[in-house]
Amino acid sequence: FHFVPSEGSFSVNPPFGGDSLKIMFDHIFGVLRHSENDKNALSFLVVIRGDNSILNHVKRSQFCRRITTLENRYKYTMNTQHKDTVAASRMQSKDCGCASAVECTGAWSPSTSTSLLWLQNDFGHDTWCPSDTRVDQVLQGFHAHPASNAIPV
């Protein structure tokens, strides 16, 4: 929790349970509050489980600009899509015959919905407003349906 950016747009994919979520949201809200007097755009896109009780806490924040819920019609992938960091000895064979929730490709479908939360200061909202078009572009990355189920806050 030493990361205190003054500007930029960031994605956050925290652990889905425990006290770390509340601590993380309190930290993000503190960073956004601290940035209110600056003229720098600051934005966080947070990905959490859709059935999480912390959503009520987040919805009450002045920084919560939009929440979109994805049903489990998409797949998560291992962190290998950004950079080839997996050692050859740990890579799964493509013909391993997996029958579990995690496919041989390292992708899996979640058992619950997922929420995407846009948390922004005013300048961040002006710069990266989560419009239907922009939200649809993000959802395409999840191979999800359009933002018809998005909840503007």
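**Reading burial and salt bridges in a predicted model**

Colleague: Why is R66 called buried?

Modeller: R66 has a relative accessible area of 6%. Buried means under 20% relative accessible area, exposed means over 50%, and partly exposed lies in between (1.4 Å probe, protein chains only). R66 is therefore buried, since 6% is under 20%.

Colleague: What kind of model is this, and how are its residues numbered?

Modeller: This is a predicted model, in which local features need pLDDT of at least 70 and side-chain atom pairs count only at pLDDT 80 or more, while totals for chains, interfaces and linings use all residues. Residues are numbered from 1 along each chain as its sequence is written, and side-chain values use heavy atoms, with hydrogens and water left out.

Colleague: How do you know that D132 and R66 form a salt bridge?

Modeller: A salt bridge is a side-chain nitrogen of Lys or Arg within 4 Å of a carboxyl oxygen of Asp or Glu. For D132 and R66 the N to O distance is 2.7 Å, so the pair meets the rule. R66 lies in strand β3 and D132 in helix α4 (residues 132–141), so this pair ties together parts 66 residues apart in sequence. Helices (H or I, at least four residues) and strands (E, at least two) are DSSP runs, numbered from the N terminus.

Colleague: What makes D132 partly exposed?

Modeller: The relative accessibility of D132 is 48%. D132 therefore falls in the partly exposed class.

Colleague: Which residue forms a salt bridge with R65?

Modeller: The partner of R65 is D122, with the closest N and O atoms 2.7 Å apart. R65 lies in strand β3 (residues 64–70) and D122 in helix α3, so the bridge joins parts 57 residues apart in sequence. R65 is buried at 18%, whereas D122 is exposed at 52%.

Colleague: How confident is the predictor in the protein chain?

Modeller: The mean pLDDT, the predictor's confidence in each residue from 0 to 100, is 78 for the protein chain, and 67% of its residues reach 70 or more. Over residues 88–104 the pLDDT stays under 50. Where pLDDT is low, the predicted coordinates should not be read in detail.

How values were computed: Contact = heavy atoms within 4.5 Å.
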